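Colleague: I have the model open and want to go through it with you. Can we start with the overall picture and then move to one strand?

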Amino acid sequence: MTLPPGQRAAEGFPRFGTHLHHPPPAVPADPVIEIGGALTESITLSLEDLAQLPRQERKADFHCVAGWSATDLLWEGTSFEVLYRTRVEPLIEPGASISHVVFEGLDGFKSIVVLEDALAEDVLIADRLEGRPLDGNHGAPLRLVSPSQYGFISTKHLCHIEFHTSEPPAADRLSPISGHPRARVWHEERNRYLPGRIVRPVYHWLVAPIRALSARGSVKSPL
Ligand SMILES: Nc1nc2c(c(=O)[nH]1)N[C@H]1C(S)=C(S)[C@@H](COP(=O)(O)O)O[C@H]1N2
Ligand SMILES: [Mo]
């Protein structure tokens with residue numbers, strides 16, 4: 001098993017995130033994804049709408065920027081590229097060229113993704129993990145999964161996708177641990193300002209406390 005540079009295999013698949021000790025957000029009775037931005041109209045996709053699109057299964061490792069990796073996870077869901085080509089591209093404003101996509105979760109978490117990275121063939125909007133519906137720990141009801149990018153790209157509890165024609169300002173851009181805008185794990189693009197190998201030790205040091213806090217807010221799960 002080969003992990004990307006600077007990663008260590010974690011035990012299991014921990015709940016982790018900037019949500020820290022906060023429990024996962026409540027799942028709405030009828031979950032939807034709102035889709036908007038530089039489009040001629042905004043649309044709302046229900047789970048039934050998503051179910052019209054082809055299903056995909058994908059085995060992949062998951063890499064957190066702090067340095068832990070979970071291996072061989074089995075995700076199921078919809079290809080983001082197929083969703084984009086079929087439901088979004090026909091709505092793009094004439095003359096507009098989409099460059100970035102913002103994914104937002106029910107807890108207010110956002111990731112900003114370069115369109116080219118979002119359209120990679122391994123990017124899913126997942127609703128199942130290891131053969132079961134996603135639980136609150138890992139992003140119920142739906143989450144983005146972009147296995148070739150650090151975990152902070154893979155927004156959990158996905159409820160809103162917005163398409164932009166230029167790079168929107170990142171909320172954390174002034175922070176010394178601001179995430180790299182590409183976040184490609186094999187390039188070790190951890191940090192917006194500093195080379196990945198330089199920041200590794202600082203990030204590794206964050207794993208234990210964030211993992212412990214995230215576990216405090218976790219829900220009981222069969223995994
Ligand atoms: N909605 C939401 N999505 C999120 C986060 C978060 O705090 N909230 N944390 C991100 C980070 S930093 C990581 S490493 C992964 C962790 O996913 P997991 O809890 O399923 O392990 O979720 C990402 N997506
Ligand atoms: Mo992370």
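Colleague: Which radius of gyration does the protein have, and what would a compact globule have?

Modeller: This is a predicted model, where local features need pLDDT of at least 70, side-chain atom pairs count only at pLDDT 80 or more, and totals for chains, interfaces and linings use all residues. Residues are numbered from 1 along each chain as written, chains are lettered from A and ligands numbered from 1 in the order written, and side-chain values use heavy atoms, without hydrogens and water. The radius is taken over C-alpha atoms, and the globule rule is 2.2 Å times the number of residues to the power 0.38. For 223 residues that rule gives a value near 17 Å, and the protein agrees with it, at 17 Å.

Colleague: How many helices and strands does the protein have?

Modeller: Both are DSSP runs, numbered from the N terminus: helices are H or I with at least four residues, strands are E with at least two. The count is 4 helices and 11 strands.

Colleague: What percentage of the residues is buried?

Modeller: Buried means under 20% relative accessible area, exposed over 50%, and partly exposed in between, with a 1.4 Å probe and protein chains only. Of the 223 residues, the buried part is 50%.

Colleague: Why is strand 6 largely enclosed by the rest of the structure?

Modeller: Strand 6 covers residues 100–105. It is largely enclosed because its buried residues number 5 of the 6.

Colleague: Which residue in strand 7 is the bridge partner of Glu-104?

Modeller: Two strands pair if DSSP finds at least two bridges between them. Strand 6 and strand 7 (residues 110–114) run antiparallel, joined by 5 bridges. They form a hairpin with 4 residues between them, and Gly-108 in the turn has a positive phi of about 90°. The partner of Glu-104 there is Lys-110.

Colleague: And which residue in strand 11 stands opposite Glu-104?

Modeller: Strand 11 (residues 158–164) also pairs with strand 6, in the antiparallel sense over 6 bridges. Opposite Glu-104 stands His-160.

Colleague: Is Ser-99 buried, partly exposed or exposed?

Modeller: Ser-99 sits in the loop between helix 2 (80–88) and strand 6. Contact means heavy atoms within 4.5 Å. Beyond its neighbours within four places in sequence, Ser-99 is in contact with residues including Val-113, Val-114 and His-164. Its relative accessibility is 23%, so Ser-99 counts as partly exposed.
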